[in-house]
Amino acid sequence: MAYLAFYRTFRPTAFDEVVRQEHIVRILKNQIASDKVGHAYLFCGPRGTGKTTLAKIFARAINCENPQNSSPCGKCAVCRALADGSSLDISEIDAASNNGVDEMRDLREKVQYPPVAGRYKVYIIDEVHMLTQSAFNAVLKTLEEPPRHAVFILATTEPQKIPATILSRCMRFDFKLIPQSDLEQLIKSVFEKTGKEYEPAAVAAIARAGAGSARDSLSIADTCASYSRGKLTYDDVNAVLGSAEWAKVAHICGLILSEDYGGAISAVEEILSTGKGVGVLIKDMLNFLNQCTVVKVCKNSREIVNLPDETYKIIEQTAQVADGHKLLRVTEILTRAETDMRYSTSGRITLETAVLKAAMPQSDYDIDALIGKVNALEKRICGGVAPLPVIPPPVLPKQGHEAEFVKAQPEKVAPQPQPKSQLQPPAPKKPVILQDDDSPFGGAPFGKTQPIAPPAAETVQSALFDNYKRETTPSGVVIDKRSAFGKFLKMLRTTHKNIVVFTACMDLDHEFEGDKLILITEEEAVFKSLNRADNAKFIGEVLLELGVTDFEVRFKQKGETDYERAMRELKANFNGTDIQEK
């Protein structure tokens with residue numbers, strides 16, 4: 001008999017032999033045990049995760065004369081006929097090559113005939129997403145209401161390409177990628193059954209290369225077993241996969257992380273000159289950087305990477321050199337280079353440019369590069385010096401309604417006096433008027449003000465006090481004209497008594513004429529609304545809490561200057577008087 005590949009020789013024949021997919025196996029076994037077999041199933045998921053295998057096991061189990069734990073017994077006449085392919089009750093259709101409407105019409109006609117030996121006639125349609133729209137329409141009605149003896153099992157890796165009318169008529173099962181630990185156990189069991197000696201690191205490398213696919217992992221294991229006549233080693237697996245020598249890849253990544261761009265470019269040229277592919281080298285570098293990231297951030301990193309002790313120590317030393325931001329930045333640059341290679345005519349230049357950029361963060365304005373440079377400067381300059389104390393901003397006295405809010409709060413314990421060493425906010429400096437002959441700079445224009453420069457350590461805090469200019473009215477109420485309008489809007493928003501007034505006041509301009517607040521609008525509707533008696537009374541009450549005793553709402557036409565507005569209001573106030581402009 002001809003040689004069978006590992007993935008065919010060790011293909012599961014019972015539900016209990018399937019690797020993972022427990023959620024699907026449990027449902028199928030329960031349906032068989034309760035005799036509630038559906039008429040249409042959809043198996044979707046990544047390649048090599050067991051879709052066709054489970055479809056065949058299920059087809060045999062529902063036709064088996066003596067099922068064992070809902071799995072086919074493999075001994076009855078039906079199971080033997082199904083196993084050697086001589087049974088006509090199970091039909092496997094490759095939709096990639098039989099995707100036309102004629103093939104589906106032929107299936108629709110044949111499905112009416114009853115099964116020959118079993119209870120059900122099962123149709124397994126693989127890669128069903130390859131069917132044309134006409135073919136889907138041809139099988140649609142049959143899929144919805146097939147004969148009692150017909151069961152359809154559709155398998156696909158791209159369920160998004162299947163029409164919704166087909167999806168709604170099937171029981172959908174999503175297959176998951178197989179974890180690396182389960183793949184390692186599968187490969188070890190195959191090697192043990194075939195008598196092949198192996199290193200645990202070699203098995204782990206094969207499982208990682210399988211990327212969650214049992215078929216891919218077994219295919220790689222089959223190739224590696226043929227490559228090595230003796231014990232299968234980690235280096236043998238790297239040689240079969242075409243990967244660059246691991247030590248050289250680690251050396252390149254170490255040079256990049258240490259910002260030795262000259263040495264990194266030379267090491268890349270040395271590996272590429274041996275005939276290694278650019279894409280393979282980028283993939284190996286990304287794998288190494290991923291291992292460095294795992295070692296740096298995970299506590300159980302040794303179990304995750306599962307590498308020999310010498311290899312693990314090299315990865316650990318490399319990970320200690322770089323911080324997380326640098327590892328992230330280099331990984332992102334190489335990932336973009338791997339994508340750009342699809343559209344590049346020179347992969348070597350693309351790779352070397354990426355290596356140069358990754359090893360020269362000083363020429364990169366990426367945020368991770370800037371953070372890395374800041375961290376390097378902190379280590380170089382500060383070293384072990386403690387950070388400077390943060391001086392809290394000065395707390396200014398509350399005014400108006402804010403002062404009332406403070407009074408309403410429960411009394412708090414008086415704060416402890418601050419130590420003398422802590423810088424206290426100085427009192428605000430008053431400007432001094434210098435005459436021409438008093439100027440220390442050779443004479444300043446008459447009447448100009450020049451503030452006294454505060455000490456260097458007090459400049460920032462003094463500037464904070466200068467921003468708070470307040471004026472006191474004859475009644476003794478302090479008015480902060482710079483923030484009065486903002487506080488007015490804040491009070492309107494927080495009280496929620498008149499949301500209409502708050503909405504209307506949001507787009508107003510404002511100015512002070514002495515102690516009188518002028519609210520200016522270019523919308524006539526807003527002008528009329530705010531001058532209504534109830535709204536004007538409400539605005540006056542709010543402004544009175546801020547110390548503003550007088551206000552006025554004025555209408556300004558769009559595009560009108562202040563002079564034109566003043567003349568228009570003057571003529572309106574003195575109607576009938578001849579006012580001439582000069």
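This is a predicted model: local features need pLDDT of at least 70, side-chain atom pairs count only at pLDDT 80 or more; totals for chains, interfaces and linings use all residues.

I started at Thr49, where the side chain reaches the backbone oxygen of Pro46 at 2.8 Å.

Where does Thr49 sit? I found it in the loop between strand E1 (40-44) and helix H3 (51-63). The labels are DSSP runs numbered from the N terminus: helices are H or I with at least four residues, and strands are E with at least two.

Is Thr49 buried or exposed? It counts as buried because its relative accessibility is 3%. The cut-offs are under 20% relative accessible area for buried and over 50% for exposed, with partly exposed in between (1.4 Å probe, protein chains only). Leaving aside neighbours within four places in sequence, I listed Gln21, Phe175, Lys176, Leu177 and Gly212 as contacts of Thr49; contact means heavy atoms within 4.5 Å.

Next I followed E1 itself. Five of the five residues of E1 are buried, so the strand is largely enclosed by the rest of the structure. Ala40, Leu42 and Cys44 cover one side, with Tyr41 and Phe43 on the other. I remembered that in a regular strand the side chains alternate between the two faces of the sheet.

Which sheet does E1 belong to? I traced five strands forming an open sheet in the order E2-E3-E4-E1-E5, with parallel pairing. Strand E2 (90-94) and strand E5 (171-174) are at the edges with a single partner strand each, so one side of each has no neighbour in the sheet. From one strand to the next the twist averages 15 degrees. Two strands pair if DSSP finds at least two bridges between them. E1 is joined to strand E4 (residues 150-156) by five bridges, and Leu42 stands opposite Leu154 in E4. To E5 there are four bridges from E1, and here Tyr41 stands opposite Met171.

Helix H2 (residues 22-33) lies across E1 and E5, at about 145 degrees to E5. Helix H5 (residues 101-110) lies across E2, strand E3 (121-126) and E4, at about 165 degrees to E3. For these angles, axes are lines fitted to C-alpha atoms, for helices over the stretch in contact, and angles run from 0 to 180 degrees between N-to-C directions.

I moved on to the cores. A nonpolar core is a set of buried Ala, Val, Leu, Ile, Met, Phe, Trp, Tyr and Cys residues joined through side-chain atoms within 4.5 Å. How many residues does the largest one have? I read 62, and among those with the most contacts inside it are Phe191, Ile256 and Met285. Helix H14 (residues 278-297) gives the largest share of this core, 10 residues. A second, separate core of 29 residues includes Val25, Leu28, Cys73 and Val122.

H14 got a closer look. Its axis and that of helix H18 (residues 347-358) come within 9 Å and cross at roughly 25 degrees. The two helices are therefore roughly parallel; angles under 35 degrees count as roughly parallel, over 145 as roughly antiparallel, 65 to 115 as roughly perpendicular and the rest as oblique. Val278, Leu281, Ile282 and Met285 in H14 meet Gly347, Arg348, Leu351 and Val355 in H18.

Last, I checked the other sheet on my list. Three strands form an open sheet in the order E10-E11-E12, and the pairing is mixed. E10 and strand E11 (residues 516-521) pair in the antiparallel sense over five bridges, with His510 opposite Leu519 in E11. Helix H25 (residues 533-545) lies across E11 and E12.

Conventions
Residues are numbered from 1 along each chain as its sequence is written. Side-chain values use heavy atoms; hydrogens and water are left out. A polar contact is a pair of N or O atoms within 3.5 Å; within protein, one must be able to donate a hydrogen and the other to accept it, and residues adjacent in sequence count only if both atoms are side-chain atoms.
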